[in-house]
Amino acid sequence: GQQVMQIPQYQHVQEGEDFTTYCNSSTTLSNIQWYKQRPGGHPVFLIQLVKSGEVKKQKRLTFQFGEAKKNSSLHITATQTTDVGTYFCAGPRNTDKLIFGTGTRLQVFP
Amino acid sequence: DSGVTQTPKHLITATGQRVTLRCSPRSGDLSVYWYQQSLDQGLQFLIQYYNGEERAKGNILERFSAQQFPDLHSELNLSSLELGDSALYFCASSLQVGTGGETQYFGPGTRLLVL
């Protein structure tokens, strides 16, 4: 079945360092969504990418959708302790539901 | 605050028991999704309802069932509980049928502990 994998599974960084998580799908996606889950919290929608090669920015966060629409990345510049959490990508399976990636847990040390 | 509410927040029960988790979607949202998140695990899609009807099924066990009522709230019933059912159960909602392109808004979750 369709799988969405993310790497790395865990990432520990010093505050101020950059961070990137990569999302790879076994099938072409019509769109990709990114969610963030803070420790003890629930997933919160960050952004959706639709077009091949699309790049979107939210302050220190940069999201990319691959040309083949099978992969995506999230890059955080100069991490802060508020960036701590698990970042999930999610892509639609068929037309009915989202398949969430395995997630990347980010820990930021001050 | 996403606008999605879930009750109860915490639930402790024993093996073999049955529990019901409740979810109220955001005002106006017609689709409800249920997810299971075990410790340090990802989000496992269980089931989706749209406007009262089952729309999509994921890795939902036969011991689990769900329904969506006319007022659009949903309930997830878990029976013959096992230790391995201990997890966070999230409900999410979206505006329409969930064609894969819609944002999902998650509730705060119900933490289930089976002893």
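**The interface and the disulfides**

Tutor: Across the interface of chain A and chain B, 3 residue pairs are in polar contact, both partners being at pLDDT 80 or more; a polar contact is a pair of N or O atoms within 3.5 Å, where within protein one must be able to donate a hydrogen and the other to accept it, and residues adjacent in sequence count only if both atoms are side-chain atoms. This is a predicted model, in which local features need pLDDT of at least 70 and side-chain atom pairs count only at pLDDT 80 or more, while totals for chains, interfaces and linings use all residues. Residues are numbered from 1 along each chain as its sequence is written, chains are lettered from A and ligands numbered from 1 in the order in which they are written, and side-chain values use heavy atoms, with hydrogens and water left out.

The count of salt bridges between chain A and chain B is 0, a salt bridge being a side-chain nitrogen of Lys or Arg within 4 Å of a carboxyl oxygen of Asp or Glu. On the side of chain A that touches chain B, the residues divide into 7 nonpolar, 8 polar and 3 charged, where Ala, Val, Leu, Ile, Met, Phe, Trp, Tyr, Cys and Pro count as nonpolar, Asp, Glu, Lys and Arg as charged, and the others, Gly among them, as polar. The contact (heavy atoms within 4.5 Å) takes 18 residues from chain A and 23 residues from chain B.

The structure holds 2 disulfides over all chains, each defined as a pair of cysteine sulfur atoms within 2.5 Å. In chain A, Cys23(A) and Cys89(A) form a disulfide with their sulfur atoms 2.0 Å apart, and the torsion about its S-S bond is about 80 degrees, so this disulfide is right-handed. Both Cys23(A) and Cys89(A) are buried, that is, under 20% relative accessible area, with exposed meaning over 50% and partly exposed in between (1.4 Å probe, protein chains only).

In chain B, Cys23(B) and Cys91(B) form a disulfide with their sulfur atoms 1.8 Å apart; here the torsion about the S-S bond is about -45 degrees, so the disulfide is left-handed. Cys23(B) is buried, with a relative accessible area of 0%, and Cys91(B), at 0% relative accessibility, counts as buried too.
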